[in-house]
Amino acid sequence: MEDGELLRRIAAKDLGAFKILVDRFQSRVLGLCSRLLSHPQNAEDVAQDVFFQVYKSSGTFRHDCRISTWIYRIAVNRCRNFNRDNRKFGRWGELPRGLENEDGSGRGFVAPDGDDPAAAWSLNETRELIRKAVASLPEKQKAMLILHKFEGRSYKEIAEIMGISVASVESRLHRAKLNLQEKLAPLFPDVCRGRKF
Amino acid sequence: MLPCFRMSVGAASFDPNPVSKGIEMKKDKSGKSRACAFIRSHLVSIAEKDTTGATFPGVQDHLDSCPECGSLVQQFSMAWENPAPLADAQPSPSFFPRLIERIEAEEELRPGQRGVLTIAWRVLRPVAAATVFLGGILAGYEMGKAGKTLPALKEPFADRLVDSFKNIPGGSVADFYVNRQNSTKEDLE
C-alpha cells in the first residue's frame, strides 16, 4: 500500500493502516531522534510524539511533499523543541568520555568486530569524537548535517524538511562543516607537534 | 629523514581548491610541522575531497610523508564515510501499544469533553474579551455624558499607610525595624 493511501486511511481512523505506517517508519524516525536529541535515551518518547502528531494531523496533510519528508519535518521539529526544553540539563556532548550513555547501557553503539579489535575500537572512538562534535553544533546546523551526512537526505529533501531554499541548505551545510572542523581539531591528539625532520 | 612542510594559508580560510589560490608547502624555518596542524584542523574537508588526485597536491604530499597524519586522515575518513550505525534503532515492543493507548485516551476525551469545550473556548474567548472591552468603552462614555466620576476613596492612600505604622504591635519584627530606622534617622539629625 502506498504512503498516500495509508495516510488517507489513517485520517479515517484506521488503526491497522496506522500500524503499517509506524512499522514502515519507526526505525528511521527513532534513528533520527537518537542522533538529534541531546539525550538519546529519550528518543523513543519523542518518536512516539512524532507518530502521535502524524496520527492527529493525517487529515490536514496537503500531499505537497513526500510523506517521509513530512514525518522527518515533524521529527526534526519535535527534537529541536525537546532539546530546547531540556537545555538546562546539559548537553549530551559534554558528558564524560566513554562509550556508555547516561544509563550505562552502551545503547547506540556497535561493538567492534573483525580481525583487528584494536583498530575497530579506534574507529569507534573516532566515530564517538565526530558524534560529540556534531552534538555540540547549534541545533539547525546539527539537524542539517545529520540529515545530509548520516541520514543520506538530498539537499532538496532537507530544504523541504527545514522549510528553506536549496541554496540556503548548501550554504548552511558548508558553514556547519567549517564549524565542525573547528570543534574537531582540538579533539584529536596533536601527534605531530614539534616533530622534527 | 622525511621532509615536512607548512602550508601558507590560515586554518580558517581553507579553500577546497587550493591550486587556484596557489597554496604551496614551504619548509618551516624551525623544522617543526605546521602542516600537521593544518591537516588536523581541516579533517572534514580533506575527508570529503579526493586527496589522491590533483585537488590537494600539497596535502597529499604531506600525507605521504607523515605517517601520523596519514593514519589520522585514513581513520577519520573511514569514520566520516561510515558513521556509527545505530545498533538499537528498533523501538521496544511496547512502543506501538503505548501509542495506541495514548490515541485512545485522546479519542475518549474528544467527542464528549474536549471537542465541545475546545470549540466553545475558542469561540467564546475572543467574544468575551471583545464584550469586556466594548462594555468598558460604553460605560466610560455614559459616565462622562452624565458628568459622573469614579467614587473617590474615603481616605487618601498615604494617610492610611501612615496610620498603619501607628498600630504596629510592640516587640514584633516590624516594630524592631521601625525603631531601628527611627534611631538611625535621629543619629543622622
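1. How are H4(A) and H7(A) oriented to each other? The model is a predicted one, and in it the axes of these two helices come within 8 Å and cross at roughly 55°. Angles of 65 to 115 degrees would count as roughly perpendicular and those under 35 degrees as roughly parallel, and H4(A) and H7(A) are therefore oblique to each other. The contact is made by Thr69(A), Tyr72(A), Arg73(A) and Val76(A) on the side of H4(A), and by Glu157(A), Glu160(A) and Ile161(A) on the side of H7(A). As for its hand, the crossing of H4(A) and H7(A) is right-handed.

2. Helix H4 of chain A covers residues 67-85, and its 19 residues reach 27 Å from the first C-alpha to the last, close to the 27 Å expected at 1.5 Å a residue. Its buried residues are Trp70(A), Ile71(A), Tyr72(A), Ala75(A), Val76(A), Arg78(A), Cys79(A), Phe82(A) and Asn83(A). These buried residues pack against H2, helix H3 (43-57), H6 and helix H7 (155-162) of chain A.

3. Helix H6 of chain A, one of the partners of the buried residues of H4(A), runs over residues 139-150; with 12 residues it reaches 15 Å from first to last C-alpha, close to the 16 Å expected at 1.5 Å a residue. Just after H6(A), Gly152(A) takes a positive phi of about 70°.

4. The largest nonpolar core has 59 residues, and those with the most contacts inside it are Val29(A), Cys33(A) and Ala75(A). Helix H2 (residues 15-36) of chain A gives the largest share of this core, 9 residues. As background, nonpolar side chains tend to be buried together in soluble globular proteins.

5. For chain A as a whole, there are 8 helices and 0 strands, and the order along the sequence is α-α-α-α-α-α-α-α. Of its 197 residues, 34% count as buried. Among the contacts in chain A between residues at least 6 apart in sequence, 63% join residues at least 24 apart.

6. Chain B, by comparison, has 7 helices and 2 strands, arranged along the sequence as β-β-α-α-α-α-α-α-α. Of the 189 residues of chain B, 16% count as buried. Residues 24 or more positions apart account for 56% of the contacts in chain B with a separation of 6 or more.

7. Is Gly58(B) buried or exposed? This glycine lies in helix H3 (residues 57-65) of chain B. Because a residue is buried if 20 or more other C-beta atoms lie within 10 Å of its own, Gly58(B) counts as buried with 20 C-beta neighbours inside 10 Å. Gly58(B) and Ala35(B) are 23 residues apart in sequence, and their C-alpha atoms are 9.2 Å apart in space.

Methods. Residues are numbered from 1 along each chain as its sequence is written. Chains are lettered from A and ligands numbered from 1 in the order in which they are written. This is a predicted model: local features need pLDDT of at least 70, side-chain atom pairs count only at pLDDT 80 or more; totals for chains, interfaces and linings use all residues. Helices (H or I, at least four residues) and strands (E, at least two) are DSSP runs, numbered from the N terminus. A residue is buried if 20 or more other C-beta atoms lie within 10 Å of its own, exposed if 12 or fewer, and partly exposed in between; C-beta atoms are placed from the backbone. The expected span of a helix is 1.5 Å times one less than its number of residues. Two residues are in contact if their C-beta atoms, placed from the backbone, lie within 7 Å. A nonpolar core is a set of buried Ala, Val, Leu, Ile, Met, Phe, Trp, Tyr and Cys residues joined through C-beta atoms within 7 Å. Axes are lines fitted to C-alpha atoms, for helices over the stretch in contact, and angles run from 0 to 180 degrees between N-to-C directions. Angles under 35 degrees count as roughly parallel, over 145 as roughly antiparallel, 65 to 115 as roughly perpendicular and the rest as oblique. A crossing is left-handed if the near helix is turned anticlockwise from the far one by less than a right angle, and right-handed if clockwise.
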